[in-house]
Amino acid sequence: MSSLRAGFLSALICSFASASIQPAVSAAEKDTPVVGEGRMLPVQTPAGEFRVWTRKVGENDRIKVLLLHGGPGATHEFFEVFGRHLPRENIEFYYYDQLGSYFSDQPDEPSLWNTARFVEEVEQVRKALGLNAGNFYLFGQSWGGILAMEYALKYQQNLKGLVISNMMASIPAYNNYANNVLMADMDPAVLSELKAFEAAEDYANPRYTDLLFRHHYIYHVLRMPLEAWPEEINRAFSHLNTNVYIPMQGPSELGASGLLADWDRTADIKRITVPTLVIGATYDTMDPAHMQWMAEEIPNARFLLCPNGSHLAQWDDEENYFNGLIRFLRDVDTGEFPPESAR
């Protein structure tokens with residue numbers, strides 16, 4: 001095991017065992033709203049006022065993209081690759097750590113970890129950043145895709161465009177895909193051992209983590225050898241706040257079992273009428289056929305398949321991912337949308 005891989009797995013195990021995660025930003029940065037560096041925005045919640053971290057990159061009056069990261073409880077760091085592509089296309093975008101995530105406040109308030117509350121947080125962030133229907137594109141990946149769909153179903157009048165990346169419209173359907181497709185392709189002996197660790201709730205066991213990464217993550221989360229994983233990804237995983245992640249997603253990486261386990265919007269996504277891009281990947285943890293169906297169900301949507309990608313297709317199928325994303329943003333901006341496969 002290389003020192004990088006050992007250090008990464010050790011950091012991940014420590015994050016699972018940690019009771020709390022402290023922010024890496026200084027008090028001075030938190031208290032200084034500097035556009036272009038970092039800005040802490042106040043958000044009102046049923047448990048009081050807290051602050052969330054945002055950072056603006058670029059300047060464009062017509063295209064402003066707010067990035068919703070996955071998890072829940074992960075960070076904007078999974079999106080740092082966007083900095084290689086969107087600025088050179090003159091596309092303004094915003095990194096944003098949701099409440100409970102590493103660069104934002106992390107209150108010990110379990111009642112706050114629910115989808116409806118996060119939707120209201122996004123709406124407050126939108127207002128604070130001055131985003132509106134003339135320029136506001138909401139991008140969500142994985143859990144962020146759930147949040148983006150929920151936001152659109154309540155507040156789509158505020159949107160110019162929507163991007164749902166690597167997220168199905170149903171957690172039960174995702175669990176079915178994980179059980180019947182992904183797990184069916186795994187070495188039966190490895191799957192049996194993983195299931196035994198999960199039955200014992202021994203999620204912090206180094207053997208469990210090692211098996212998970214060697215037999216699942218490098219095939220369906222990020223299709224690179226662990227030794228080649230970008231520093232940004234290793235850092236992002238080490239910053240995961242499991243006090244948010246586990247209650248909502250559940251402790252297992254082989255499916256969802258937390259508060260989101262019954263989430264299903266398959267009957268509702270047809271009510272999303274704003275221009276929408278749905279991004280799937282051939283090797284994703286999420287079923288790409290389901291995501292193509294989503295793009296057919298949403299009245300004004302386009303589907304982008306990343307043929308070489310997995311759950312983090314922005315990293316392992318970078319060219320296809322950003323070519324398709326940028327084309328969508330440009331097409332909506334210039335009025336050349338509807339979808340490429342118009343019905």
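Visitor: Hello! How many helices and strands does the secondary structure of the chain come to?
Guide: Welcome! This is a predicted model. Its chain has 343 residues. The secondary structure comes to twelve helices and eight strands.

Visitor: What share of the residues of the chain count as buried?
Guide: A residue is buried when its relative accessible area is under 20%. Counted over the 343 residues of the chain, the buried share is 60%.

Visitor: Let's look at some strands. Which residue in β2 is the bridge partner of arginine 39?
Guide: Strand β1 covers residues 39-45 and strand β2 covers residues 48-57, and they pair in the antiparallel sense over seven bridges. The two form a hairpin, with two residues between them. Arginine 39 has as its bridge partner in β2 threonine 54.

Visitor: And which residue in β4 is the bridge partner of tryptophan 53?
Guide: β2 also pairs with strand β4, residues 92-97, in the antiparallel sense over five bridges. For tryptophan 53, the bridge partner in β4 is aspartate 97.

Visitor: Where do the buried residues of α10 fall, seen down its axis?
Guide: Helix α10 runs over residues 288-297, and its buried residues are Pro288, His290, Met291, Met294 and Ala295. Seen down the axis they fall within an arc of 155°, so they line one face of the helix.

Visitor: What covers the buried residues of α10?
Guide: The cover includes both helices and strands. Among the helices are α4 (143-155) and α5 (171-182). The strands include β6 (161-165), β7 (276-281) and β8 (301-306).

Visitor: At the start of α10, which residue has a side-chain oxygen that reaches to the backbone nitrogen of alanine 289?
Guide: The oxygen comes to within 3.0 Å of that backbone nitrogen. The residue it belongs to is aspartate 287.

Visitor: Which helix gives the largest share of the lining of the largest pocket?
Guide: The largest pocket has a volume of about 160 Å³. Its lining includes Leu182, Met183, His215, His216, Tyr219 and His220. The largest share, four residues, comes from α7.

Visitor: Is serine 142 buried or exposed?
Guide: Serine 142 is found in the loop between β5 (136-141) and α4. Its phi is near 55°, a positive value in a residue other than glycine. With a relative accessible area of 15%, under the 20% cut-off, serine 142 is buried.

Visitor: Which side chain makes a polar contact with the side chain of serine 165?
Guide: Serine 165 is found in strand β6, and its relative accessible area is 0%, so it is buried. Serine 165 touches several residues, including Phe139, Gln141, Ser142 and Ile279. The polar contact, at 2.8 Å, is with the side chain of tyrosine 321.

Visitor: And which side chain makes a polar contact with that of glutamate 123?
Guide: Glutamate 123 lies in helix α3, residues 115-129. With a relative accessible area of 6%, glutamate 123 is buried. Leaving out residues up to four places away in sequence, glutamate 123 touches Tyr151, Tyr155 and Asn158. Its polar contact, at 2.9 Å, is with the side chain of arginine 126.

Visitor: What separates the C-alpha atoms of asparagine 241 and glycine 100?
Guide: Asparagine 241 has its place in the loop between α8 and α9, and at 5% relative accessibility it counts as buried. Asparagine 241 and glycine 100 are 141 residues apart along the chain, and the separation of their C-alpha atoms is 7.1 Å.

Visitor: Which residue does a cis peptide bond join to glycine 71?
Guide: Most peptide bonds are trans. In this cis bond, omega is about 0°.

Notes
Residues numbered from 1 in each chain as written. Predicted model: local features only at pLDDT ≥ 70, side-chain atom pairs only at ≥ 80, totals over all residues. Heavy atoms only, no water. Pairing = 2+ DSSP bridges. Buried < 20%, exposed > 50% of the residue type's maximum accessible area, 1.4 Å probe, protein only. Arc of directions from axis to C-beta. Contact = heavy atoms within 4.5 Å. Polar contact = N/O pair within 3.5 Å; in protein donor to acceptor, adjacent residues only side chain to side chain. 1 Å grid on protein atoms, 1.4 Å probe; cavity = no way out; pocket = protein on both sides within 12 Å on 5 of 7 lines; lining within 4 Å. Points joined across faces, edges and corners; volume = space filled by probe spheres on them.
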